Amino acid sequence: MSAAETQAKADSAIVTIANVSKLFGDLKALNNVSLSIEPGTVQCIIGPSGSGKSTLLRCINQLEKIDQGAIRVDGELIGYRRVGDELHELTDVEIARQRLVTGMVFQRFNLFNHMTALQNIIEGPLTVLKQPRKQIVAEAMALLERVGLADKRDSYPSELSGGQQQRIAIARALAMKPKLMLFDEPTSALDPELVGEVLNVMRDLAASGMTMIVVTHELGFAREVASDVVFMDKGEIVEQGPPQTVLVAPRQARTRDFIAAVLK
């Protein structure tokens with residue numbers, strides 16, 4: 001790809017990660033990572049535990065601060081404001097505003113145990129977006145219908161299966177109307193028989209045109225849904241390309257070894 005083509009892709013991207021590094025003490029969790037994600041695409045990230053996948057998502061959502069490089073989301077530099085040649089850290093209020101562009105779904109469901117499914121979904125729009133309650137409830141019910149749980153509106157998390165809780169967590173993230181959804185191993189805490197119901201919701205989201213970055217070990221899902229696949233190891237991007245290349249005929253030995261181990 002020429003320099004002009006690279007720049008054009010960066011200009012159209014909803015997420016641009018440029019030469020990002022992140023340190024935890026002496027551990028370099030991310031080492032000079034660069035990646036661009038186009039609107040309406042599904043970026044899957046695979047790799048062994050400790051490879052930096054989750055750290056990258058947390059940096060995009062500003063749950064971790066980067067030590068080097070820059071991240072832009074929806075055309076805006078995150079975490080900092082440029083004044084002349086200097087960068088100034090944003091305030092907590094400004095960071096919270098930037099986070100509204102993204103919705104994040106974690107390995108654990110993180111639902112409020114004292115709230116029903118419906119209450120979990122409407123809490124953010126009520127307290128943050130300050131929208132009319134009647135509108136918020138109607139939109140929340142539409143989301144419950146979308147994830148196949150309209151009949152669980154009054155159920156508490158303890159009354160729901162892990163798969164149902166994760167679907168509620170997805171609906172809760174969508175209630176904030178994000179432009180970008182981040183999924184951090186959303187099925188890893190689920191019993192095998194419950195994985196499919198969560199992946200089906202994610203397939204529906206992808207088909208609707210939602211931009212998604214998905215950290216996953218579900219290689220079949222990645223092969224079916226991903227626009228692009230990144231394989232990470234030791235904080236670096238080892239290989240990147242379309243799923244039929246990275247997952248079916250990877251060029252790098254480290255990628256081949258990882259896929260063989262996952263498919264055993």
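Mentor: Contact means heavy atoms within 4.5 Å. Helices are DSSP runs (H or I, at least four residues), numbered from the N terminus. This is a predicted model, in which local features need pLDDT of at least 70, side-chain atom pairs count only at pLDDT 80 or more, and totals for chains, interfaces and linings use all residues. Residues are numbered from 1 along each chain as its sequence is written, and side-chain values use heavy atoms, with hydrogens and water left out.

Trainee: Which residues of helix 4 meet helix 6?
Mentor: A117, N120 and I121 in helix 4 meet I168, A171 and R172 in helix 6.

Trainee: And what is the angle between helix 4 and helix 6?
Mentor: About 25°, with the axes 8 Å apart; axes are lines fitted to C-alpha atoms over the stretch in contact, and angles run from 0 to 180 degrees between N-to-C directions. The two helices are therefore roughly parallel (angles under 35 degrees).

Trainee: Changing topic, where is K152?
Mentor: K152 is in the loop between helix 5 (133–146) and helix 6. K152 touches A117, L160 and Q164, leaving out residues up to four places away in sequence.

Trainee: Is K152 buried or partly exposed?
Mentor: Partly exposed, at 23% relative accessibility; buried means under 20% relative accessible area, exposed over 50%, and partly exposed in between (1.4 Å probe, protein chains only).

Trainee: What is I170 in contact with?
Mentor: Beyond neighbours within four places in sequence, the contacts of I170 include V105, M181, F183 and M202.

Methods
Angles under 35 degrees count as roughly parallel, over 145 as roughly antiparallel, 65 to 115 as roughly perpendicular and the rest as oblique.
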